[in-house]
Amino acid sequence: QTIERELSLPVYATVPASQKETLLSRAISRGKGDKGQVLAIAQPDDDAMESLRSLRTTLHFALLGAEKGSVLITGPAPGVGKSFISKNLAAVLAQAGKRVIVVDADLRKGHINKAFGMPRGMGVSDYIMGIIELRDIIRPTGIDNFSLITTGQIPPNPSELLMHPRFAQMLVELEKQCDVLLIDAPPVLAVSDAAIIGRLVGATLLVARAGRYPIRELEQAVRRFDQARVAVKGFVFNGFDLKRQRHRFGY
C-alpha cells in the first residue's frame, strides 16, 4: 500500500466506491432524502458498509493509550468524503450498541444535518456564543444510540470560535455522555480548523480518496498536523474502485 509505505502510517480501512451512496447523496442534496437516510441504514449490505464495520473493530487500536474517547475525521482537501465516513461510521458503531455523538465542526461548509432532515441552526456556533445550552443542541437522528450536533449558524470567524474555551469544554462534556465522540472537521490544507481541533481529541484520522490526491498532498496534510503537534493515527482510504484494483489505486 503506497500510503503505508511512504508515510509510515496505517490504513485502518479501505472503503469501496458505492453507487448507492452517489444516488443517496443526490437525493439528499435535492432535499428528497428521508430522515436518517445514511447508507449504513438504507443499504447495510453495501461493500462500503462492510469496510466501515471493520473500521469499527480497529478503531480501538487508534484510541489505544489515548486519554480521550474522541476521534477527529478530516481530509487533506475537499471532496474526499469525510462526512460520508463520519455519519456512516457513527451509524455502524450505534448498530453495535455504542452510544455515539457526531459533532459537525465544519463551521464553513458542514452539511451532515441534511442527511437527517435537520436545520443547521442551533448547533456548535450557537453554543460557543452562549445562545443555547449544551443539552439543547444534542439531537436524535432517528437512529438508536446516534445523536448529532449540527454546525449552528455559519459564523464570520470559524477558527476563532473553535479556539474559544467553550468549544474545548463542550468536547469534554460530550465525552462523558457517549462511548464514542466523532468530530467532522474542515479539510486541513484549506484552513487551520482541523489542526485546532486535533489538539483536543484522542485520535485523528485522515480520509484519503482514491485517485484524487497524490501522496505528496497527503504528506503535506500530515506535516500540517505535525506542526500543530497533533499526531495523525492513520488513514481511511475512501472511494476505492474494486474494478480497477489491479491499477494500484491510480497512484
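Leaving aside neighbours within four places in sequence, Lys 82 is in contact with Ile 73, Thr 74, Gly 75, Asp 106, Asp 184, Ala 185, Pro 186, Pro 187 and Val 207. Please keep in mind that this is a predicted model.

**Lys 82 and Ser 83**

- Lys 82 lies in helix α5, and its relative accessibility of 9% is under the 20% cut-off, so Lys 82 counts as buried.
- Ser 83 is found in helix α5 too.
- With a relative accessible area of 8%, Ser 83 is buried.
- Once neighbours within four places in sequence are set aside, the contacts of Ser 83 are His 111, Ile 112 and Asp 184.

**The largest pocket**

- The volume of the largest pocket is about 760 Å³.
- Helix α2 gives the largest share of the lining, five residues.
- Sorted by class, the lining of the largest pocket holds 12 nonpolar, 11 polar and nine charged residues.

**Aromatic pairs**

- A search of the whole structure turns up two aromatic pairs.
- In one of them, the ring centres of Phe 116 and Phe 146 are 5.4 Å apart and the planes meet at 80°, so this pair is edge-to-face.
- The pair of Phe 116 and Phe 146 links distant parts of the chain, as the two residues are 30 residues apart.
- Phe 116 sits in the loop between α6 (112-115) and α7 (124-128), while Phe 146 belongs to strand β5 (residues 146-149).
- Phe 116 has a relative accessibility of 1% and counts as buried; Phe 146 is buried as well, with a relative accessible area of 1%.
- The other pair is formed by Phe 237 and Phe 240, which are 6.3 Å apart from centre to centre, with 55° between the planes, and this pair is tilted.
- Phe 237 and Phe 240 are both buried.

**A charge over a ring**

- The charged end of Arg 166 sits over the ring of Tyr 127, at 4.2 Å from the ring centre.

- Asn 145 has a phi near 70°, which is a positive value in a residue other than glycine.
- You will find Asn 145 in the loop between β4 (139-140) and β5.
- Asn 145 is partly exposed, at 35% relative accessibility.
- Arg 229 is not a glycine either, yet its phi is positive, at about 60°.
- Arg 229 has its place in the loop between α11 (215-227) and β8.
- Arg 229 has a relative accessible area of 80%, which is over the 50% cut-off, so Arg 229 is exposed.

Conventions. Residues numbered from 1 in each chain as written. Predicted model: local features only at pLDDT ≥ 70, side-chain atom pairs only at ≥ 80, totals over all residues. Heavy atoms only, no water. Phe/Tyr/Trp six-rings, centres within 6.5 Å; stacked < 30°, edge-to-face > 60°. Helix = DSSP H or I, 4+ residues; strand = E, 2+ residues; numbered from the N terminus. Buried < 20%, exposed > 50% of the residue type's maximum accessible area, 1.4 Å probe, protein only. Lys NZ or Arg CZ within 6 Å of the ring centre and 35° of its normal. 1 Å grid on protein atoms, 1.4 Å probe; cavity = no way out; pocket = protein on both sides within 12 Å on 5 of 7 lines; lining within 4 Å. Points joined across faces, edges and corners; volume = space filled by probe spheres on them. Nonpolar A, V, L, I, M, F, W, Y, C, P; charged D, E, K, R; others polar. Contact = heavy atoms within 4.5 Å.
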